[in-house]
Amino acid sequence: MIKIIPTDGPMGAEVLGLDPRLPIQADDLTRLNAAFVDRQVLLFRDAPLSAQQLVQFSRNFGELQTHIAKRYQHPEVPEVVLNTNLDDQGNYDKLGADRGVGWHSDLPYQQVPAKATLLHATAVPSSGGNTAFANMVMAYEAMPATLKARIDGKFSLFKLGGRHQLTQGVLQDPSKVPRAIHPAIRTHPETGRKSVYINPYHTDSIIGLSRSDSDALLDEVFDWCMRPEFQWQQVWRVADTVIWENRSAWHSGQQDYPPLEARRFLRTTIRGTPTVEEPMLAQLATQIH
Ligand SMILES: [Fe+2]
């Protein structure tokens, strides 16, 4: 019988009594899924996983979505991305170390964005390097009514690296920056709850506003959403596995650890569902330039 222990923060729960290397019973999986959408981050400790075992475990939560950036793809298991701050010789890999730093959700620059991401720690530094999470359901529900009225009902253009072009060097062909359109405030497909979906890293603009009005509104929403009361941090141990929500939460790796100490993860991504129906999508696409 599994136990689900919520953290004392606004999100996150640890799952006890479940071995991610073994098949999961149907009633346990039902409870896991309910806890996942409620707490947005689930933690499983003390179970080292191979890349293939992480893939098997991840499939309990949906179909895997292979990442568009091939540079850090696992050589034998294409569904797995290697997250590392050091290269094969142990030298600092700035591109690798910078990935995932800054508030974002995963793959919002694809028209079918990610439902969830799993990260499995294989090396952690002696201090720092937490992953911070922020609860965007809470941020939306607590948002001042005047700000809510300005952002609700809007659609956004998302691009890899967003309006500040933060991911240079990740793409093989930098002229083809992936982009997608999603609602700024998203309704969760399972819970029906609304949350802030735009994020500081991958959002380019609010469709229908001038660049300056869009920038001002994004800055104001992001300032609100970054308030500490919406946040919780995962303090990593080797052999931890975490699954997080990309539909209703942000995350950000913390770069406050000794840079030459290894911080390494195996990662998988679970495919989500479309956020905008045709023909609305086609109509919105005519408004971007
Ligand atoms: Fe991420």
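Two conventions come first. Residues are numbered from 1 along each chain as its sequence is written. Because the model is predicted, local features need pLDDT of at least 70 and side-chain atom pairs count only at pLDDT 80 or more, while totals for chains, interfaces and linings use all residues.

Let me begin with the chain as a whole. Its secondary structure comes to seven helices and 15 strands; helices (H or I, at least four residues) and strands (E, at least two) are DSSP runs, numbered from the N terminus. The C-alpha trace spans about 50 × 45 × 35 Å along its principal axes. For 289 residues, a compact globule would have a radius of gyration near 19 Å, and the chain agrees, with 19 Å. That radius is taken over C-alpha atoms, and the globule rule is 2.2 Å times the number of residues to the power 0.38.

Of the contacts with a separation of 6 or more, 80% are between residues 24 or more positions apart; a contact requires C-beta atoms, placed from the backbone, to lie within 7 Å. Buried residues make up 38% of the chain. A residue is buried if 20 or more other C-beta atoms lie within 10 Å of its own, exposed if 12 or fewer, and partly exposed in between, with C-beta atoms placed from the backbone.

I turn now to the sheet. Seven strands form an open, mixed sheet in the order β1-β2-β3-β13-β5-β15-β4, where pairing requires that DSSP finds at least two bridges between two strands. β1 (3-6) and β4 (81-84) stand at the edges with a single partner strand each, so one side of each has no neighbour in the sheet. Neighbouring strands are turned by 25° against each other on average, direction ignored. Axes here are lines fitted to C-alpha atoms, for helices over the stretch in contact, and angles run from 0 to 180 degrees between N-to-C directions.

Helix α1 (residues 26-39) touches β1, β2, β3 and β13, and its direction makes about 125° with that of β3. Helix α2 (residues 51-58) touches β5 and β15, at about 30° to the direction of β15. In α2, Ala51, Leu54, Phe57 and Ser58 are buried. These residues cover an arc of only 120° around the axis, which puts them on the same side of α2; the arc is that of the directions from the helix axis to the C-beta atoms.

Finally, the core. The largest nonpolar core has 56 residues, and Leu42, Phe133 and Val242 are among those with the most contacts inside it. Such a core is a set of buried Ala, Val, Leu, Ile, Met, Phe, Trp, Tyr and Cys residues joined through C-beta atoms within 7 Å.

Conventions. Two residues are in contact if their C-beta atoms, placed from the backbone, lie within 7 Å.
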